[in-house]
Structure formats: C-alpha cells, structure tokens
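Student: Could we go through this one together? I'd like to start with the loops and then move on to the helices.

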Amino acid sequence: FKKIKLKSRPDRPLVLSEFGGYSMRVDDHSFNLDKAYGYKTLESSEELSAALERLYLGEVLPEIQKNALCATILTQVSDVEDETNGLFTYDRAVLKVDANAINELSTRIFNEFNK
C-alpha cells in the first residue's frame, strides 16, 4: 500500500521484516466468506503472481542492490482467518500463485542476495 523505502546502517543488517499483504480470496477455501483483509485485492492467481513479481523486481530488488538489503519476509505464507494475503489458502489446500513464476522470481532474488 506504500512504496518500500529503507535506510541502511553500517552497524546492523538491513531486513525487510514484513511486506506485501496482497489479498486474493478463494471462496471454497476461506475462513470467512464475508470479510477479507489485505492491502491490495487481486482477483486471480495470474494477477497475484504478476503483482508480486512487480513488487519484488520493482521495489525489493533495487533495495538489495542499493542499500544492501540482506533478508525479506513476505506477509504471509498462508491466509489466517480474515487475512487473505497468504500465498496459500486458509486450509493450505490451494497455492494462490503460479508456482513456476514464483520459483523463478525467488531464484532471481536469491542470486541477487548472493552477489
């Protein structure tokens, strides 16, 4: 919901401890059919995967290159009750993103961390 802006300090590692929060509800696999929470709502797996790719390549990757970002933690691995901003649904039955696209993206980010 806002751009990632970080400041590095020479005396400690720079960690992006929570970011993302992109929401996509899968009705048959959601805790609450009336409420959903997230910072940005997407309607399909393709939209969610593309939005995450834009976030990582457009905001996270430059922070690795510019500010020596050394770790990131995406919010969140799976949906938690009304929070539909996970990569998996509440029941962990559905992966909401394209696995191949996210794997390629993860590899690219991992390689950047290793430079």
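Student: Okay, where is the place of Arg-92?

Tutor: This is a predicted model, and in it Arg-92 sits in the loop between β4 and α2. Its phi is near 65°, which is a positive value in a residue other than glycine.

Student: What about Ala-68, what is its phi and where is its place?

Tutor: Phi of Ala-68 is near 60°, again a positive value in a residue other than glycine, and Ala-68 lies in the loop between α1 and β4.

Student: And is Ala-68 buried or exposed?

Tutor: Ala-68 has a relative accessible area of 54%, and because the cut-off for exposed is over 50%, Ala-68 counts as exposed.

Student: Which peptide bond is cis, the one from Thr-75 to what?

Tutor: The bond from Thr-75 to Gln-76 is cis, with omega near -10°, and Gln-76 is in the loop between β4 and α2.

Student: Switching to helices, how do the axes of α1 and α2 cross?

Tutor: The two axes come within 10 Å and cross at roughly 5°, which means that α1 is roughly parallel to α2. By class, the contact of α1 with α2 has nine nonpolar, one polar and three charged residues.

Student: Last topic, what volume has the second largest pocket, and what lines it?

Tutor: The volume of the second largest pocket is about 180 Å³, and its lining includes Leu-52, Tyr-56, Thr-72 and Phe-110. The largest share of that lining, five residues, comes from α2, and by class the lining has eight nonpolar, two polar and no charged residues.

Conventions
Residues are numbered from 1 along each chain as its sequence is written. This is a predicted model: local features need pLDDT of at least 70, side-chain atom pairs count only at pLDDT 80 or more; totals for chains, interfaces and linings use all residues. Side-chain values use heavy atoms; hydrogens and water are left out. On a 1 Å grid over the protein atoms alone, a cavity is a set of points where a 1.4 Å probe fits but cannot get out, and a pocket is an open set with protein on both sides within 12 Å along at least five of seven lines; lining residues have an atom within 4 Å of a point. Grid points are joined across faces, edges and corners, and a volume is the space filled by probe spheres set on the points. Helices (H or I, at least four residues) and strands (E, at least two) are DSSP runs, numbered from the N terminus. Ala, Val, Leu, Ile, Met, Phe, Trp, Tyr, Cys and Pro count as nonpolar, Asp, Glu, Lys and Arg as charged, and the others, Gly among them, as polar. Axes are lines fitted to C-alpha atoms, for helices over the stretch in contact, and angles run from 0 to 180 degrees between N-to-C directions. Angles under 35 degrees count as roughly parallel, over 145 as roughly antiparallel, 65 to 115 as roughly perpendicular and the rest as oblique. Buried means under 20% relative accessible area, exposed over 50%, partly exposed in between (1.4 Å probe, protein chains only).
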